[in-house]
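Here is a short tour of a protein model, taken one feature at a time. Keep the sequence and the 3D view open while you read.

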Amino acid sequence: MKKINMTVLALVMIIANFTTAFAGSGGIKFVEVRPDGSGTSFVFQSDSALSRDQLNTMVRLNNGSEFPLYCNNQKDKGLVVCEMSHKVDGGTANFYLGGNFWQIIVPETKGAKTGPGCFNVNVYDWPAGGTPYSGWAEMETLCLDFVPADREVLEIVDDVVDGNFTFSENGPVCDGIINPGTGLYYNRCPGAFTTW
C-alpha cells in the first residue's frame, strides 16, 4: 500500500509541475507590430513577467535567415516589447516567446523615420473655396507612431486640419488632377468622384 501511495504522490507532483509550467507559458497575447526607431517592435500583453530564458529568442524568416529578438518586460504596463532589425520588414517572422510559437507578418516600412516611433506622412487637402479648384495642397507633415495600412482612414484633429483622412500609397485622382504621392488625403473631392 505504501508503494502505491508513493507512486500516486509522484504522479500527482509530476502533473502539478507540468500544469504549472504550461499555465505559466500562457497569458500572453499579440498586440501589434510597429516601426520603432531603427528597428521593428513586436508588442505583447502579458499576465505576468517572463523570465530571462523566455525572453531570449531568435526570429527565423521564411527564407531561412535568423535574427536575434531583444525583449523586455514593461511590468508597469503589463507589456512585453521585443525589438529587432528592419531586416524582417516585409517578411513572416517565426519565433517562440513565453512558451508559445508565433508567426507574424511584418509590413514593409514606408516613408522616413526621424526618431523612435516616428513615421512621417504628409497631409493633403483640397482647399475649400475658389474656382476652378487647383488640386491637392500639402497642409502639414505628421509624425505618427505607426505605419498606416493603405486606404486606412484616420481621424486627425489639430491646429491645421480637422476630419477623416485616408492614407494612400499612390494617392487619389480628383477631377483628373494627379496627386502628389504617398500621404494622408482628405476623404472627398469637391463635387467629383474620387478614384483610389
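## The disulfide

This is a predicted model, and the count of disulfides in it comes to 1. The partners are Cys 71 and Cys 82, whose sulfur atoms sit 2.1 Å apart. That passes the test for a disulfide, because the cut-off is a pair of cysteine sulfur atoms within 2.5 Å. The pair links distant parts of the chain: Cys 71 belongs to strand 4 (residues 66–74) and Cys 82 to strand 5 (residues 79–85), with the two cysteines 11 residues apart.

## Two salt bridges

Next come the charged pairs: the count of salt bridges is 2. One of them joins Arg 60 to Glu 66, and here the closest N and O atoms are 2.8 Å apart. How accessible are these two? Arg 60 is partly exposed, with a relative accessible area of 43%. Glu 66 also has 43% relative accessibility, so Glu 66 counts as partly exposed.

Another salt bridge brings together the side chains of Arg 151 and Asp 150, at 4.0 Å from N to O. Asp 150 has a relative accessibility of 32% and therefore counts as partly exposed. Arg 151 is partly exposed as well, with a relative accessible area of 44%.

## A closer look at Arg 151

Where is Arg 151 found? Look in the loop between strand 9 (137–144) and strand 10. The backbone has something to show here: Arg 151 has a positive phi of about 70°, although Arg 151 is not a glycine.

## A negative patch

Now for the surface. Which residues form a negative surface patch? They are Glu 155, Asp 158, Asp 159 and Asp 162. Among them, Glu 155 has its place in strand 10 (residues 153–157).

Is Glu 155 buried or exposed? Glu 155 has a relative accessible area of 64%, so Glu 155 is exposed. The reasoning is simple, because exposed means over 50% relative accessible area.

## Pairs across the chain

Start with Asn 120, which lies in strand 8 (residues 119–125). Asn 120 and Val 147 are 27 residues apart in sequence, and their C-alpha atoms are 9.0 Å apart in space.

Val 161 sits in the loop between strand 10 and strand 11 (162–168). What separates Val 161 from Glu 140 in sequence and in space? The answer is 21 residues in sequence and 8.4 Å in space, C-alpha to C-alpha. Val 161 has a relative accessible area of 5%, so Val 161 is buried.

Definitions and conventions: Residues numbered from 1 in each chain as written. Predicted model: local features only at pLDDT ≥ 70, side-chain atom pairs only at ≥ 80, totals over all residues. Heavy atoms only, no water. Patch = residues over 30% accessible without salt bridge, like charges linked within 9 Å, V, L, I, M, F, W, Y side chains within 5 Å. Areas by Shrake-Rupley, 256 points an atom, 1.4 Å probe, with all protein chains shown as cover. Lys, Arg positive; Asp, Glu negative; His and termini not counted. Charge placed at Lys NZ, Arg CZ, Asp CG, Glu CD. Helix = DSSP H or I, 4+ residues; strand = E, 2+ residues; numbered from the N terminus. Buried < 20%, exposed > 50% of the residue type's maximum accessible area, 1.4 Å probe, protein only.
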